[in-house]
Amino acid sequence: MKCPLCASDTIVFSEIQTRIYYRCIACKGIALDPSQFLSHEAEKKRYQLHDNNINDSGYQKFVSPIIRAVIKEYESNHQGLDFGSGSGPVITSQLRKKGYSVVTYDPFFDANHSVLKKNYNYIICCEVMEHFYNPAKEFKLLSSLLHSGGTLYCKTRLFSDAIDFNSWWYKNDPTHVFFYTEDTLHWIKENFGFESMKIKDDLIVFRK
C-alpha cells in the first residue's frame, strides 16, 4: 500500500494476530492496514470508554505541558483551536479558566465545521494525530488554519527503532492507526509549510 502521509511505497512491518502494519520507506511512518480500521460507530463507542473528565487531576497533569507552553508563548487575547478535543476538552477548560480564547472541534463530539473556516494563532492537537486515517489531509488542514507565525502543539507517543513494536503498548488501542518517528515529523515540517519543528519528550511543536 501507499503511505497515507507521503504517498510513498511501504513494506510490511509487523503482523500481529489479525492486524497488519506497513512502514513507509520514505517518511518512516507506520500505518495500520485500512481494512482493519474500525467503523465510525465502533470508533465512537471506543472513545466513549475514555474517562476524559475535565476535573480529573491525573488528566490535567497529563496535558499540563501543552497548557504551560501556550501560556508561556501566547496572551489570552490570542485565538486558539483545540482540534480533536474529545468528549471532555480538559485543555480548553483549563485555558478558559485563565481567560484564554479557545474553541473546540471534534469529528465525533463537537463537529462544528464553522471553526474550521477561521485562522488561529495556535492549535492544540493532543493525543489525536495517531488517530488520523488520512494524515496528509489532516496536516494540510491544520497548517492552513494557522496564521503566519502560528504554532501547532501536538502530543503523541513517538516510535523509534529502540522500541519493540510487537510488544509496544501504544499500538494496542484499535483507534491508533498511524505512528510517527522523528523522521516522519521532519517530513511533515518540510512538506506542510512549517518553519521549524521541536520535540520535547512527547510534546511536538511545529511553527508556521
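First, the ground rules. The model is predicted: local features need pLDDT of at least 70, side-chain atom pairs count only at pLDDT 80 or more, and totals for chains, interfaces and linings use all residues. Residues are numbered from 1 along each chain as its sequence is written, and side-chain values use heavy atoms, with hydrogens and water left out.

Let's start with the sheet. It is open, has 6 strands, and runs in the order 5-4-6-7-10-9. The pairing is mixed. A word on terms: helices (H or I, at least four residues) and strands (E, at least two) are DSSP runs, numbered from the N terminus. Two strands pair if DSSP finds at least two bridges between them.

Which strands sit at the edges? Strand 5 (101-105) and strand 9 (196-200), and each pairs on one side only. Neighbouring strands are turned by 20° against each other on average, direction ignored.

Now look at strand 7 and strand 10. They run antiparallel, joined by 5 bridges.

Helix 4 touches strand 4, strand 6, strand 7 and strand 10, and its direction makes about 135° with that of strand 7. Helix 5 touches strand 9 and strand 10, at about 155° to the direction of strand 9. Those angles run from 0 to 180 degrees between N-to-C directions, with axes fitted to C-alpha atoms, for helices over the stretch in contact.

Stay with helix 4. Its buried residues are Pro135, Ala136, Glu138, Phe139, Leu142, Ser143 and Leu145. Buried means under 20% relative accessible area, exposed over 50%, partly exposed in between, using a 1.4 Å probe and protein chains only. What covers these residues? The cover includes strand 8 and helix 5.

That brings us to the cores. A nonpolar core is a set of buried Ala, Val, Leu, Ile, Met, Phe, Trp, Tyr and Cys residues joined through side-chain atoms within 4.5 Å. The largest has 33 residues. Phe139, Leu152 and Phe206 have the most contacts inside it. Several elements supply at least two residues each, including strand 6 (120-126), strand 7 (146-155) and helix 5 (182-191). Helix 4 gives the most, with 4 residues.

What does Phe139 touch, leaving aside neighbours within four places in sequence? Met129, Phe132, Leu152, Tyr180, Ile188, Phe192 and Phe206. Contact here means heavy atoms within 4.5 Å. Apart from this core lies another, of 17 residues, among them Ile66, Ile67, Val90 and Val205.

Last topic: salt bridges. The rule is a side-chain nitrogen of Lys or Arg within 4 Å of a carboxyl oxygen of Asp or Glu. The count comes to 5. Here are some of them.

Back to Arg207. Its side chain meets Glu73 at 2.7 Å, N to O. Arg207 lies in strand 10 and Glu73 in helix 2 (residues 57-73), so the pair ties together parts 134 residues apart in sequence. Arg207 is partly exposed, at 29%. Glu73 is partly exposed as well, at 33%.

Next, Asp173 and Arg46, at 3.6 Å, N to O. Asp173 sits in the loop between strand 7 and strand 8 (178-179), and Arg46 in helix 1 (residues 40-48), so this pair links parts 127 residues apart in sequence. Asp173 is buried, at 12%. Arg46 is partly exposed, at 30%.

Finally, Lys2 and Asp9 meet at 2.4 Å, N to O. Lys2 is exposed, at 51%, and Asp9 is partly exposed, at 40%.
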